[in-house]
Amino acid sequence: MNTVRNYSDELKQIMETYKNIYENQTVEWVKQQHEKYSDFPNITANIWDIINKLDDIIDESDPDTDVSQIHHAFQTAESLKKRFLNDDNTLKKVPIKMLFKIREWNNLEPSIKYFYSKSIDKLFPTITDWSWLPLIGLIHDLGKVMTLKEFGELPQWSVVGDTFPVGCPVSSEVVYFDKDYHKNNPDYQNSEYQREFGIYYEKIGFNDMFMSWGHDEYMAKVLEKNIDKHSLPNEAIYMIRYHSFYPWHTPKNGKKRGYHEYANIYDWKMLPLLKMLQLSDLYSKNSDMLNNDELKNKYQKTIEKYFFDKNLIW
C-alpha cells in the first residue's frame, strides 16, 4: 500500500530541512521577509514564465514526489477539476463530511459538525462559477521560485515544508515535533512567545497571525500586490496562503488539529476548501507523465479569464 507524508527517520534530507525550519523560523525572520518582499524582487514577469521556472525546482521537504514541480502543478489542477467540478464549472454536491477522515471527523466539535452538515456548494452559495479552482492548483506552488537567484535564493527551510504560526508555542501536531528541533529556536527562550497563546489571543483568526515564511505567503502576497490585474476571489488567495498549514488542515493520525484555539469562524468556513486542495495536491502525486504542452493550451484560457494582465509584479 502506498503511503503519503511518510516522514520516517530514514529520510535524512527531509529531516534536515525540517530541523532547519524549526530552528530558524523566528518572529524576527518572518517580519524581515515580509518587509523585504513587499518591494522585492520587483520583477515584472508573465505568469507562464514563472510557471515554467518550476521545472528548475525540487522541493527537498517533500517525501512523496521526485517529479518536477510543474508536472505536479498540472497534476493538482487536473485532480481538482476531476474531483470537484461539474462540466458547467459548478461545484459538485460533495458532502463536507467526505473531505475528512473518519477519526478526524469524529474529533470535530459538535457545533462544527453541524456547521458542516451540508454539501460544499451550500457553504459558498454566492460562488456560482468555480472555474478558478483548478487554476489555484496550477499556481499554488509558484512561490517556490524564491529558491532561485533572481527571487532572493532563500534557503529551502524558508521556502518549502509545512507552515505554522510563529510567536506562540509550537503545536505537537507539527511533523518531527518529538525531535525537539523547535527547542533550538531562539524564540523558544522568549517567555512572551511561550505563553498559552503567545503574542496572540484565542480565536484571533489566522489572518492576524505571523506564519512561518514560505512559498504560500509569498504567492498570496503577489496576488494581493496585483489585485488590479486579476479577478480571483478571496477564497482563492486564502487557499494559497494556508495550503501548507498541515497541522491545522490535516492533523496527524486524525487527532485534534493543531492551532485550533486560534481559528475563528472564517477559518472554519475556509477549512473545507483547504481540504479540497490538500486531497488534490497530496493524492495526485505520482510519476505518471502528463502532456504538459496540451495542458498549457488548456489552462491558457482559464488564465486569460481571471488575469486581465498576465504580466505580474513579483
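## Salt bridges overall

The predicted model contains 13 salt bridges. Side chains of opposite charge can pair when their charged atoms come close. One group forms a network, in which salt bridges link Asp59, Asp141 and Lys144. Three further pairs are described below, each with its place in the chain.

## Asp121 and Lys93

Asp121 and Lys93 form a salt bridge in which the closest N and O atoms are 3.1 Å apart. The two residues belong to distant parts of the chain and are 28 residues apart. Asp121 lies in helix α7, which covers residues 120–123. Lys93 sits in the loop between α4 (69–84) and α5 (102–106).

## Around Ser119

Ser119 is located in the loop between α6 (110–115) and α7. With 14% relative accessibility, Ser119 counts as buried. The side chain of Ser119 is joined to that of Asp121 by a polar contact of 2.5 Å. Asp121 is also the residue that forms the salt bridge with Lys93.

Which residues does Ser119 touch, leaving aside those up to four places away in sequence? They are Lys93, Val94, Pro95 and Ile96. For Ser119 and Asp162, which are 43 residues apart along the chain, the C-alpha atoms are separated by 28 Å.

## Helices α9 and α10

The axes of α9 and α10 come within 7 Å and cross at roughly 155 degrees. The two helices are therefore roughly antiparallel to each other, because angles over 145 degrees count as such. On the α9 side the contact is made by Asp216, Glu217, Met219, Ala220, Lys221, Leu223 and Glu224. On the α10 side it is made by Ile237, Ile240, Arg241 and Tyr242. By class, six of these residues are nonpolar, none is polar and five are charged.

Glu217 and Arg241, both part of this contact, also meet through their side chains in a salt bridge of 2.9 Å, N to O. Glu217 lies in α9 (residues 215–225) and Arg241 in α10 (residues 234–242), so the pair ties together parts that are 24 residues apart in sequence. Both Glu217 and Arg241 are buried.

## Lys229 and Asp309

A salt bridge of 4.0 Å, N to O, joins the side chains of Asp309 and Lys229. Lys229 is in the loop between α9 and α10, and Asp309 is in the loop between α13 (292–306) and β2 (311–313), so this pair ties together parts that are 80 residues apart in sequence. Asp309 is partly exposed, at 29% relative accessible area, whereas Lys229 is buried, at 15%.

## Helices α10 and α12

Helix α10 also packs with helix α12 (residues 265–282), at an angle of about 70 degrees and with the axes 10 Å apart. These helices are therefore roughly perpendicular to each other, because angles from 65 to 115 degrees fall in that class.

From α10, the residues Asn234, Glu235, Tyr238, Met239 and Tyr242 take part. They meet Tyr266, Asp267, Met270, Leu273, Leu274 and Leu277 of α12. This contact has eight nonpolar residues, one polar residue and two charged residues. Tyr242 is listed in this contact and in that of α10 with α9.

Technical notes:
Residues numbered from 1 in each chain as written. Heavy atoms only, no water. Helix = DSSP H or I, 4+ residues; strand = E, 2+ residues; numbered from the N terminus. Buried < 20%, exposed > 50% of the residue type's maximum accessible area, 1.4 Å probe, protein only. Axes fitted to C-alpha atoms, helices over the stretch in contact; angles between N-to-C directions. Parallel < 35°, antiparallel > 145°, perpendicular 65-115°, else oblique. Contact = heavy atoms within 4.5 Å. Nonpolar A, V, L, I, M, F, W, Y, C, P; charged D, E, K, R; others polar. Polar contact = N/O pair within 3.5 Å; in protein donor to acceptor, adjacent residues only side chain to side chain.
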